[in-house]
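Work through the exercises below with the sequence and the structure at hand. Try each task before reading its solution.

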Amino acid sequence: MTTVGSPAGGGSTGDRGPHDDIDVTYGRPGAWAAKHVLAVDGPVHETYLVGPRETDNSSRWRTKIGWPIFRLAQQ
């Protein structure tokens, strides 16, 4: 998993493979945001880069999870 933050107030991470454990992928950026004094401001969203519409092979699925985040305090 790679978590990317941006000065514009967003972050994203990716999930590979079946969606059976996507909840774990959601939890990692939340923990990362809390550790870096950030908070979520708005709904988290998913973008299916490769999913069931493109292939039945779930090992090829790629999902981007976007987080609208902002800084709570100056570090």
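**Exercise 1: Elements**

Count the helices and strands, then give their order along the sequence.

Solution. The chain has 1 helix and 6 strands; helices (H or I, at least four residues) and strands (E, at least two) are DSSP runs, numbered from the N terminus. Next, read along the sequence: the pattern is β-β-α-β-β-β-β.

The model is predicted, local features need pLDDT of at least 70, side-chain atom pairs count only at pLDDT 80 or more, and totals for chains, interfaces and linings use all residues. Residues are numbered from 1 along each chain as its sequence is written, and side-chain values use heavy atoms, without hydrogens and water.

**Exercise 2: Core**

State what share of the chain is buried, then list the largest nonpolar core.

Solution. Buried means under 20% relative accessible area, exposed over 50%, partly exposed in between (1.4 Å probe, protein chains only). Of the 75 residues in the chain, 28% are buried. A nonpolar core joins buried Ala, Val, Leu, Ile, Met, Phe, Trp, Tyr and Cys residues through side-chain atoms within 4.5 Å. The largest one has 6 residues: I22, A33, L38, I65, W67 and I69. Two or more residues of this core come from each of α1 (22-35) and β5 (62-67).

**Exercise 3: L72**

Locate L72 in the chain and decide whether L72 is buried or exposed.

Solution. L72 lies in the segment after β6 (69-71). Its relative accessible area is 54%, so L72 is exposed.
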